[in-house]
Amino acid sequence: MTEPDFSFLCALLRQRSGLSLGPDKLYLAESRLSILCRRRGIAGIDLLMRQVRLGRDAELETAVVEAMTTNETLFFRDSAPFDLVREVLLPEKLAANAASRTLRIWCAAVSSGQEAYSLAMLVDGMAERLAGWRVEILGTDISREVLEKARSGLYSQFEIQRGLPIRMLLKHFSQRGDKWQVSEKLRAMVSFRRHNLLERSDGFGRFDIVFCRNVLIYFDTPTKQKVLELLVPRLAPDGALVLGATETVLGLASGLRPDPQQRGLFRPALPSRLDAALPPRTQGLPWPAGALPAPEKPDTITRG
């Protein structure tokens with residue numbers, strides 16, 4: 001890849017996804033774009049970038065951005081955040097939301113869905129205490145390809161072996177040929193939508209728990225600030241934001257404060273004036289009859 005093409009790619013990624021590439025990531029760009037070229041029958045990266053530069057193929061531009069996004073995930077990745085949800089946040093929300101009997105969780109940058117389904121398994125573990133509650137788990141990502149996989153709930157043996165306890169496999173999965181599929185019960189609990197974290201998400205409403213783990217590490221400081229600025233309004237006044245173990249909001253978001261007792265957990269700093277004017281548990285419940293907006297239909301154009 002030529003230096004001008006790499007500079008153009010870096011600018012495109014920053015504008016479209018917030019992803020910040022350093023000069024040391026040239027090899028990564030060449031590797032991922034070479035795969036995209038083979039899938040699309042394009043002779044080489046030079047020709048690919050020439051077509052993208054022309055600006056006449058929005059779908060190809062999107063495919064390049066998606067090819068460069070990192071989609072590393074696994075079930076119950078880094079056990080501590082899931083212990084936090086099970087031992088602290090879910091009991092906390094059971095008490096705080098007893099009147100509304102609602103629980104809303106958002107997994108931002110959910111990739112192929114393992115994180116969202118892991119949280120659904122934790123919620124299912126409290127099924128008796130949550131009987132009669134409306135539980136909504138939303139998973140979002142910028143990539144259409146990984147969202148299609150997440151919606152299907154189908155995972156390979158390798159993916160299943162990465163972090164999933166055997167008891168969870170036996171309880172929540174059934175074998176489909178050489179793959180394993182998440183149970184219909186859990187799939188009904190989770191909705192997936194395409195969303196760019198650099199864009200507003202007003203229609204999502206408010207959430208009790210937001211997972212946005214290992215995402216900010218790929219952004220520069222201004223982009224981190226923008227993403228956090230857009231996430232803060234999506235938290236209920238007593239909500240919880242869970243970031244990765246090495247991520248922080250210090251110096252980035254005045255609307256959030258770290259929880260002094262839990263690493264990676266952040267809470268709204270102060271209720272807004274709008275919150276004070278609203279009934280306590282009607283905030284963030286914009287959809288009637290207990291459902292998220294209808295999930296997008298699977299995209300008809302996919303990679304590979």
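**Entry 1**

I looked up W106 and F207 and found both to be buried, a term I use for under 20% relative accessible area with a 1.4 Å probe and protein chains only. I note that this is a predicted model, in which local features need pLDDT of at least 70, side-chain atom pairs count only at pLDDT 80 or more, and totals for chains, interfaces and linings use all residues. Residues are numbered from 1 along each chain as its sequence is written, and side-chain values use heavy atoms, with hydrogens and water left out.

**Entry 2. Aromatic pairs**

I counted rings of Phe, Tyr and Trp (its six-membered ring) as paired if their centres lie within 6.5 Å, with planes under 30 degrees apart taken as stacked, over 60 as edge-to-face and the rest as tilted. The count came to eight aromatic pairs. For W106 and F207 I found ring centres 5.5 Å apart and planes at 35°, so the pair is tilted. W106 belongs to strand β1 (residues 102–107) and F207 to strand β7 (residues 207–211), so this pair ties together parts 101 residues apart in sequence. Helices (H or I, at least four residues) and strands (E, at least two) are DSSP runs, numbered from the N terminus.

I then turned to Y117 and Y155, an edge-to-face pair at 6.4 Å centre to centre with 80° between the planes. Y117 sits in helix α6 (residues 114–124) and Y155 in strand β3 (residues 154–156), 38 residues apart, and the pair thus links distant parts of the chain. Y117 counts as buried at 1% relative accessibility, and Y155 counts as buried at 0%. I recorded one aromatic cluster formed by F75, Y117, Y155, F173 and F192.

**Entry 3. Helices α1 and α3**

I examined helix α1 (residues 3–16) against helix α3 (residues 45–54): their axes come within 11 Å and cross at roughly 50°. That makes α1 oblique to α3, since angles under 35 degrees count as roughly parallel, over 145 as roughly antiparallel, 65 to 115 as roughly perpendicular and the rest as oblique. On the α1 side, P4, D5, F8, L9 and L12 make the contact, and on the α3 side D46, M49, V52 and R53, where contact means heavy atoms within 4.5 Å. By class, I listed six nonpolar, no polar and three charged residues in the contact of α1 with α3.

**Entry 4. Whole protein**

I found 12 helices and 10 strands in the protein. Of its 304 residues, 50% count as buried. Among contacts with a separation of 6 or more, residues 24 or more positions apart account for 77%.

Terms used: Axes fitted to C-alpha atoms, helices over the stretch in contact; angles between N-to-C directions. Nonpolar A, V, L, I, M, F, W, Y, C, P; charged D, E, K, R; others polar.
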